[in-house]
Amino acid sequence: MATTTRVFVKSEAEYGCEHLAAVLTKDENTAAQFRESFAKSRTAMEARKKSSAAHKASAPKTIFSLRPAYHCLTCPEICESGGRDAHSEKTGHKFYLESRKGNIFCQGCDDLVYDGGLERLLAMGYPLKASKKRKFSESSADEVYVRTNANKRPCGREGARGLYNLGQSCYMNVILQALLHDPLLNTYFLGNGHQEHDCQWPRCVTCPLADAFADANNTEKNDAFTAVQMLYALWNGCTALQGYRQQDAHEFYQFLVDRLHATAEGHAESMTEDCPCFFHKAFYGKLRSTVTCDNCGNITRTEDPIMDLSLDVQTRAKKRALGGQDTPSTPTLYGCLESFTSPERLSAGMYNCSECGGAGQKATKQLRIKKLPVILCMQLKVGQLIRFGHSEAVSEKLEGRVNFPLSINMLPYTTKPNSQKVPESKYVYDLSTAVIHKGQLDTGHYYAYCRHGDQWMLFNDDQVTPATEADVLNEDAYLLFYNLRSLTAKVDEQKQKSHGH
């Protein structure tokens, strides 16, 4: 079955733009020359891509430029984005071929344009010999065949956009997709929650994130886009994450959330304070640690802010073994949370009790969640990247798998697991994104499953395809993102009301 990324319909514009129309309708020779230049440039570009792909398969990956090149369709000149203005002003040439997708860029419109007629000529194998030229009309057999057998890309139909890999930047892409598919963050950024023109923060990461939300929700475009400004902000703000090498998606998530909070208007400088800023309420929770002295019963409590939960499956297996319980073959997220919040025996010397004169005593420690964030990120330390001092030589990856649900009630893992004052529904979270890592630390790859409306989608850099719930649940997840259901429902209700008006 034939597959195309776009399908010609009767309602499409006759030409890509008024400037293209002026060239293609001027006279037959001018139109023919432009069509031939376009076809030859596209053919040459595809040949270079295939040659480059074959080379990359046998050679180390090298990134020469993060930006696309623009090939003039009138002369052999190749410009970067900033050089188009000068070239067009000097020569009067208006049309370029963009190197990533082979789309036409019109300098007069200052935008990419799509011309259905030119694309159909390529599909027919243009340029044709003069003796075999024939008109390609809507009623022709070729057009009927294309209409009958062609399918749009699923991402185009659904309005989901992928992200180009900028040189082992898949770790950044999956986290951005997780945030781009969060309903609360969509409401904030698309509602002008961050005013870029008023932003005074140097090296602000919220500005490029706001740009990413705008690009992802551009209804006029279905192809992938780049997050190069976010990559620049990342490199400027975190030396440990600089360079074209595989990085930890969890580490990037922590950096991004920390910087979003630090540059938010009205944020509290100290994490011990109750911060009123949007990002703190969205991403940060609070964890309570309780230590009980076995000798005198003295209780010591401390509370610390958290932006995620790191669940160690090995710790869970050890606790079950010490309690004389069998460890199931495949661990579950419920079991990991239960182990995380269950009491842990501390050996003598690990705890100095203030009531016992400071002498080392045996004690019992327990962790409980005092406050849950709206966006709950959980890191599974099986199938996890483990980093020691950012040294690649001593990094390793633990293999394994954890079964996780599409929704989960977090009330049993809080400081008030049996509370009757608040309905359990206030603690129910729904899975929004599952981040997967395959391969080893230095040669691995990240991709993500995100809930896009009522459909699950697989985001593998710029490739976007539909997925099923079974596809998601059968994966070996590294990071899980859950959304608070009660708040998500309110956000959806507000959106429906605004659309109704």
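Predicted model: local features only at pLDDT ≥ 70, side-chain atom pairs only at ≥ 80, totals over all residues.

Reader: What makes Thr414 count as buried or exposed?

Author: The relative accessible area of Thr414 is 6%. Buried means under 20%, so Thr414 is buried.

Reader: Which residues is Thr414 in contact with, leaving aside its neighbours within four places in sequence?

Author: Those are Arg368, Ile369, Leu372 and Tyr427.

Reader: Let's turn to the helices. At what angle do α7 and α10 pack?

Author: Helix α7 (residues 170-180) packs with helix α10 (residues 228-237) at about 115°, and their axes are 11 Å apart.

Reader: Why is α7 called roughly perpendicular to α10?

Author: Angles of 65 to 115 degrees count as roughly perpendicular. The angle here is about 115°, so α7 is described as roughly perpendicular to α10. The crossing of the two, α7 and α10, is right-handed.

Reader: Which residues meet there, and what classes do they belong to?

Author: From α7 come Tyr171, Met172 and Leu176, which meet Met230, Leu231, Leu234 and Trp235 of α10. By class, this contact of α7 with α10 has seven nonpolar residues, with no polar and no charged ones.

Reader: And how many helices and strands does the protein chain have?

Author: The protein chain has 16 helices and 19 strands. Of its 501 residues, 45% are buried. The chain exposes about 26100 Å², with carbon and sulfur atoms supplying 49% of that area.

Terms used. Residues numbered from 1 in each chain as written. Heavy atoms only, no water. Axes fitted to C-alpha atoms, helices over the stretch in contact; angles between N-to-C directions. Helix = DSSP H or I, 4+ residues; strand = E, 2+ residues; numbered from the N terminus. Parallel < 35°, antiparallel > 145°, perpendicular 65-115°, else oblique. Left-handed = near helix turned anticlockwise from the far one by under 90°. Contact = heavy atoms within 4.5 Å. Nonpolar A, V, L, I, M, F, W, Y, C, P; charged D, E, K, R; others polar. Buried < 20%, exposed > 50% of the residue type's maximum accessible area, 1.4 Å probe, protein only. Areas by Shrake-Rupley, 256 points an atom, 1.4 Å probe, with all protein chains shown as cover.
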